[in-house]
2 protein chains.
Amino acid sequence: MTDVLVIGIGMIKFGRFGERPIADIGAEAALLALDDCGLTIQDMQALYCGNVYEARSMVGQRIMRELGQTGIPVINTANACASGATAFREALLGIKAGAYDIALAVGVEKMGKGMLAGGTAGDGGLAPEGLLGSLTNPSIFAHMGMEHARKYGTTLEQFAKVSVKNHHHATLNPKAMYQMETPLEMVMNAEMISYPNTKLMCSVNVDGSAAAVLCSEKKARELGLIGRALRVRGSALSSDPWTPYNQAMTDFNAVTRIAAKSAYEQAGVGPEDISLIELHDCFATAELVHYENLGICGEGEAGQLIDDNETSLGGRIPVNVSGGLLSKGHPLGATGIANIFEVATHLRGEAGSRQVEGAKFGLTHVCGRGSACAVHILEKA
Amino acid sequence: MTDVLVIGIGMIKFGRFGERPIADIGAEAALLALDDCGLTIQDMQALYCGNVYEARSMVGQRIMRELGQTGIPVINTANACASGATAFREALLGIKAGAYDIALAVGVEKMGKGMLAGGTAGDGGLAPEGLLGSLTNPSIFAHMGMEHARKYGTTLEQFAKVSVKNHHHATLNPKAMYQMETPLEMVMNAEMISYPNTKLMCSVNVDGSAAAVLCSEKKARELGLIGRALRVRGSALSSDPWTPYNQAMTDFNAVTRIAAKSAYEQAGVGPEDISLIELHDCFATAELVHYENLGICGEGEAGQLIDDNETSLGGRIPVNVSGGLLSKGHPLGATGIANIFEVATHLRGEAGSRQVEGAKFGLTHVCGRGSACAVHILEKA
């Protein structure tokens, strides 16, 4: 079975694009990824496209119309916030299966305006049959945080520091939606959305796209593209192992633990080997909880980790150096591949002023309500 | 690389299910497929779900809530009429890639009422950026037929005979929506929808679901399930090789020819080896055109083929013995796997009064506007 390498990456600056067609937004990231490795759409043997809101309407094929149609297989994947990561993983499996030597994965989303709340994709899935339909995303992740606070004494200040950190990181990332420092008082005094998350502790609702060119190792060598390539060491996807209706909200995290365990096992590394992490900080509370789910600290220690700046740029294990969903922004279908763009950029040593020095292994994590969690571990090839 | 076998199949009787939740409809086919091979959801290592209209809302995960949640990867695929076939193919590639030994593929759709026309998934995809947005599905496939008629002299009667044949076949299929003979005069005198297709020459808008359990050959042997298993000999997916905006409508067929060529090459067989075909008769005109696209007759000979009853049950190469989309019905996301259910049933020799005797190779074809075409070739394992 061949190893799969990422030989090209692309991402647009996240923003709000009004009436600009989704295919145009997706195609721009695709072209950036193709340019990044000096290839064209004619070199691609398949296109995988992750998107949520327009999933039923052939977004991948519409992107092909912008890039140039060649007759290749086009596969659209929809898995809530894990849609882009699912597209990436399916492209990887297609190459491992020998169906293609090289494939393009694109994640794209037009979010429209407003906060992440009811009326999102998750609700479309949950409302018809589940009690969770009555809980919006802000309230779910608020519960998650309060459960952590109840068990471990985590403070509002600790949750707020996540947002301070990620906003600071974003000032170093020209592709982030916002480049704006948000001091602790500013975060804590912002409009309360769902306790303990204030408005500045909720992910930013933006449009965006990201793309990656995946390739078999043999083909990458033939193309002479090993130099800047990344090796995918682990690729895992999971769903909820039980129905969440009557569970404490922290049980929601089981889905992350399943995927993380699988990805670490595939990669043959542990949390202690990871140089940087891009994880699903859809709300500030989620980031702290995921520290524990991903094993970078023990149970109940996440608050201490943020107090000690261990997950800041320059710390032991920087998390969301891109600015994360809290400041870079969260275009649902794009996020999974945007995370891969970020860790790949660091592993290549091309992250400029936000570079994590000596980065060897990067981990990405997305966790979509509904439920789908994807974890990938990449290494310099 | 392992061969992949289909060890379990399931399909519900297509119909209109009103307020019944989509997850419930999908889960029923899944349980039928699991029962068919004596396994349970606990034995499955992944679930792939094909659906169009609710693609953004985690249909696969909602089905897992009905079946029992186990934490396995769940992947939702959306590819218009090829959504179910795409789910099947991605499950197959995941097994070939070694990510799973065994996986469940489900296709499901709730169509609501009305004819296939504007406002369908295809339009959602095409309207924003393409001129085709102004053409509804009935008019596109009418154009297709008229182009064939112009070039080859195909008659309204010949197109109508497709519908007579498929309705007759459906009288032998208890899972078809309609069991009703439709004599030639009845078909030709029905309300004209888009010349030359009358109302009885348009696919039936119904809800439905179908499922398949896919398995590596090694695992199937371990489970002792080789006896009734089918081997997937070819699996191909394609998209339009050029933009259809300014092409004659028959060029739309290029997408089928690409997928068919690939599937035949993978299988190492030709059209002459195929015992039965389930193809995408979304309109009667489409079936005739696809005879030529799939190579079971020469260019312009499709009309003669139907006149000679060669594609009827008992003929040289029976097509749409299930009743096809014209009478069995066409729940978009379910159709690709329902086609596989039908050919698998014949290859097993379990098709009762509609059995194609001595069936050795079965071919399935779906072609979604937008564009995605899938062709699979199965053989008794």
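The model is a predicted one, in which local features need pLDDT of at least 70 and side-chain atom pairs count only at pLDDT 80 or more, while totals for chains, interfaces and linings use all residues. Residues are numbered from 1 along each chain as its sequence is written, and chains are lettered from A and ligands numbered from 1 in the order in which they are written.

Phi of Asn309(A) is near 60 degrees, a positive value in a residue other than glycine, and Asn309(A) sits in the loop between helix H11 (302-307) and helix H12 (324-327) of chain A; helices (H or I, at least four residues) and strands (E, at least two) are DSSP runs numbered from the N terminus. For Asn309(B), phi is likewise near 60 degrees.

## Cis peptide bonds

The peptide bond from Tyr195(A) to Pro196(A) is cis, with omega near 10 degrees, and Pro196(A) is placed in the loop between strand S5 (192-194) and strand S6 (197-198) of chain A. In chain B, the bond from Tyr195(B) to Pro196(B) is cis, with omega near 10 degrees.

## Contact between the chains

In all, 50 residues of chain B are in contact with 50 residues of chain A, contact being C-beta atoms, placed from the backbone, within 7 Å.

How values were computed: Contact = placed C-beta atoms within 7 Å.
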